[in-house]
Amino acid sequence: MSGAPISGFIFLGPPGAGKGTQAEIIAKKLGLAKIATGDILREAVRNKTRLGKIAEDYMKRGELVPDDLMLSLVKETLRKIKVGFILDGFPRTVRQAEGLQKMLKEEGAELKKVILIDAQDQVIIDRLSKRRVCPKCGAVYNLITNPPKNDEICDRCGSELVTRDDDRPETVKRRLEVYREKTQALIKYYNDKGILFEVDGNGDLNKVFERILEVMT
Ligand code: AMP
């Protein structure tokens with residue numbers, strides 16, 4: 001980060017609440033940079049980088065990648081950002097949130113709002129079982145609510161879509177537990193700072209989009 005101070009948003013919520021899909025659409029609409037730590041890690045795994053090799057095992061099990069690794073990853077990414085940002089999937093622990101505060105302070109940047117997107121467990125489980133991703137370009141679809149034009153083929157690059165390893169039911173169960181054990185504490189953390197805004201993530205993609213936009217602008 002350099003030049004004028006920048007500010008950003010965090011999208012917080014359980015896996016499958018729609019954070020990634022919404023962050024993608026809203027970042028485009030508002031001209032913000034989307035920083036999705038899960039996407040960055042998946043790319044590192046695909047490219048077999050040092051980080052990717054360490055992260056892969058944690059991700060497959062639905063566990064969190066260690067905080068120190070995540071903090072240096074985000075620090076490096078934020079440094080390159082010149083516009084406002086949406087953080088999707090980070091922070092996930094209080095330690096990451098504290099590290100982020102410090103980073104932003106050092107850069108003279110500001111956290112505007114934390115948007116909590118919540119959804120019922122059954123909605124999450126259904127959504128994740130229908131999620132398909134493109135192994136090549138990373139595009140994300142839902143077979144019911146946001147299907148590709150041609151049967152399980154990526155609209156963007158024509159590759160065959162796959163189910164994410166960690167979207168299998170056993171791993172989804174663990175990811176929801178990890179969310180409750182480690183990430184949910186951030187609701188209080190940001191509420192105490194007076195910057196937490198909750199949005200209902202149940203229902204139609206467009207409706208959720210409008211709800212989020214209203215809170216953000
Ligand atoms: P996501 O795409 O956000 O659901 O993330 C997929 C997986 O990447 C998670 O289940 C974790 O294993 C890992 N991951 C992503 N972001 C973080 C983070 N902030 N801290 C620790 N692990 C993360």
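Trainee: At roughly what angle do the axes of α2 and helix α4 cross?

Mentor: This is a predicted model, where local features need pLDDT of at least 70, side-chain atom pairs count only at pLDDT 80 or more, and totals for chains, interfaces and linings use all residues. Residues are numbered from 1 along each chain as its sequence is written, and side-chain values use heavy atoms, without hydrogens or water. Helix α4 covers residues 67-79, and its axis comes within 11 Å of the α2 axis. The two axes cross at roughly 100 degrees.

Trainee: Why is α2 described as roughly perpendicular to α4?

Mentor: Roughly perpendicular spans 65 to 115 degrees. α2 counts as roughly perpendicular to α4 because their axes cross at roughly 100 degrees.

Trainee: Which residues of α4 does α2 meet?

Mentor: Contact means heavy atoms within 4.5 Å. From α2 come T37, I40 and L41. Their partners in α4 are M70, L73, V74 and T77.

Trainee: Within what distance do the axes of α2 and α3 come?

Mentor: α2 runs over residues 37-46 and α3 over residues 50-61. Their axes cross at roughly 115 degrees, so α2 is roughly perpendicular to α3. The axes come within 8 Å.

Trainee: Which α3 residues meet α2?

Mentor: α2 brings G38, L41, R42, A44 and V45. On the α3 side stand L51, G52, A55, E56 and M59.

Trainee: How far apart are the axes of α7 and α8?

Mentor: α7 (residues 169-183) packs on α8 (residues 185-192) at about 40 degrees, which makes α7 oblique to α8. Y179, K182 and T183 of α7 make the contact with A185, L186 and I187 of α8. The axes lie 6 Å apart.

Note on methods. Axes are lines fitted to C-alpha atoms, for helices over the stretch in contact, and angles run from 0 to 180 degrees between N-to-C directions. Helices (H or I, at least four residues) and strands (E, at least two) are DSSP runs, numbered from the N terminus. Angles under 35 degrees count as roughly parallel, over 145 as roughly antiparallel, 65 to 115 as roughly perpendicular and the rest as oblique.
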